[in-house]
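Welcome! Below is a short tour of one protein model, taken topic by topic. Have the sequence and the 3D view open as you read.

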Amino acid sequence: MISKKNNNKKIRRAFLCLLLSWTVYSGCGSLAQPEVPETAVSSGAVLIQSGEQVSATGTDAGTISTEKEASETAASDKASATEQELPEPLPEIRLVMAGDILLHTPLAESGKKPEGGYDFSAIFANLQEEIREADLALVNQEVIIGGTELGVSGYPAFNAPCELGDALMDAGFNVVLHATNHALDKGKRGVLNCLSFWQENYPDTPVLGIHGSKESQQEIYVYEQQGIRIAILNYTYGTNGIPLPEDMPYAVDLLEEDRVIEDLKRARELADFVVVCPHWGKEYVLEQTGNQESWAKILAENGADLILGTHPHVIEPIELITSDNGNQALVYYSLGNFVNWTSGTGTGVANRMVGGLAQVTIGLDENGDTVITEYGVLPVVCHLEKGFGGVTVYPLAEYTEELAARNEISKQDESFSLEYCRELAESVFGDGVR
């Protein structure tokens with residue numbers, strides 16, 4: 001169990017008595033069903049005493065029948081009392097997060113409809129259920145959605161058509177993260193176009209990491225459900241050397257220590273649990289760097305409970321860390337690519353096709369503190385075939401030898417196979433795999 005003090009005193013007091021009376025906590029991150037004390041049931045039931053039994057016929061048989069009815073009535077009343085006195089289910093929030101959405105040129109082509117326009121729904125078709133069932137579904141939208149007026153483009157200066165945003169919403173994502181090294185690929189206009197798309201079409205969807213005003217950058221996004229408040233922050237290490245617009249220094253949230261610490265302080269005041277999504281690390285490296293570890297300690301020390309990393313384009317380990325002041329945080333160093341069609345060739349390309357969908361359940365412990373009660377990762381595989389709708393993402397558990405043989409990436413890296421994907425996920429994620 002990963003525990004942090006709950007700053008929401010009202011929530012803690014509201015649930016503490018309930019939890020102390022009814023909750024039995026078992027195992028790390030799992031809550032057992034509450035046991036109902038027998039005394040509580042008896043005191044709430046209406047019991048018929050034997051001296052009040054009346055025989056309808058005056059015979060022994062009639063007396064026995066009446067006793068049976070009394071017993072059944074008592075049992076019914078007992079069950080009714082049990083139902084009435086059981087507490088409400090403990091609050092919990094299911095969070096998932098997908099890694100990098102990279103729109104390389106052949107991937108963009110796979111979404112182009114013969115009659116014109118784009119449709120990228122095939123990418124998410126096999127994971128819609130998992131995404132939609134989550135309360136919070138985050139996605140790292142690696143590339144800016146500047147629309148066709150800025151020209152759809154792949155590496156190195158990405159730009160996606162608006163239909164990609166439509167596909168994200170249809171898939172079930174409800175928090176979009178835009179603080180990436182590609183946020184300024186189309187300059188100021190790209191950021192403004194992207195923000196306009198979200199505001200005009202999905203005004204209730206929180207878009208984090210990019211801003212159209214200083215006031216927007218000062219806001220802390222907080223999600224509230226069942227009395228639990230979760231703050232989410234999003235930053236990137238840089239923007240590929242492209243400077244922030246002179247008149248929009250607030251356009252992209254950067255990993256700047258003083259700023260991040262101040263944001264975390266405010267987030268702890270507003271929420272019971274803090275999630276930080278940093279775009280960090282070194283590309284194509286299957287383990288965290290020293291810089292990532294240093295940043296993770298800074299984030300944990302200043303109040304982050306959960307850290308969900310992106311950018312390396314390959315998966316990296318999951319680790320529970322403890323900062324110097326004793327604060328704990330769960331870190332997913334990199335979720336890898338959710339979808340991509342890299343142009344690279346040779347050994348080392350295949351590992352870019354395996355990603356992870358983080359799965360975290362947030363609830364309350366026996367003290368009323370907001371904690372991570374369960375966590376893991378669902379390994380996914382990006383499947384590539386030419387033609388409209390040919391790119392889709394599968395849960396690794398549902399991927400097959402036949403699909404792997406058809407994946408276009410095997411032409412770029414012969415090491416790609418179903419067994420390769422399984423071994424990679426197991427070696428990096430270890431016991432976290434679901």
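Strand 5 (residues 136-140) is largely enclosed by the rest of the structure, because 5 of its 5 residues are buried; buried means under 20% relative accessible area with a 1.4 Å probe, counting protein chains only. This is a predicted model, where local features need pLDDT of at least 70, side-chain atom pairs count only at pLDDT 80 or more, and totals for chains, interfaces and linings use all residues. Residues are numbered from 1 along each chain as its sequence is written, and side-chain values use heavy atoms, with hydrogens and water left out.

- Strands here are DSSP runs of E with at least two residues, and helices are runs of H or I with at least four, numbered from the N terminus.
- Strand 4 (residues 92-101) pairs with strand 5 in the parallel sense over 5 bridges; two strands pair if DSSP finds at least two bridges between them.
- Strand 6 (residues 175-177) also runs parallel to strand 5, joined to it by 3 bridges.
- Val 139 is a handy landmark: Ala 98 stands opposite it, and its bridge partner in strand 6 is Val 176.

- Six strands form an open sheet of mixed pairing, in the order 8-9-10-11-13-12.
- Strand 8 (221-225) and strand 12 (318-322) are the edge strands, each pairing on one side only.
- Strand 11 (residues 306-308) and strand 13 (residues 328-332) run parallel and are joined by 3 bridges; Leu 308 has Tyr 332 as its bridge partner in strand 13.
- Helix 10 packs on the sheet, touching strand 8, strand 9 and strand 10 (273-279), where contact means heavy atoms within 4.5 Å.
- The direction of helix 10 makes about 170° with that of strand 9; axes are lines fitted to C-alpha atoms, for helices over the stretch in contact, and angles run from 0 to 180 degrees between N-to-C directions.
- Helix 11 (residues 290-301) lies across strand 10, strand 11, strand 12 and strand 13, at about 55° to strand 12.

Notes
Buried means under 20% relative accessible area, exposed over 50%, partly exposed in between (1.4 Å probe, protein chains only).
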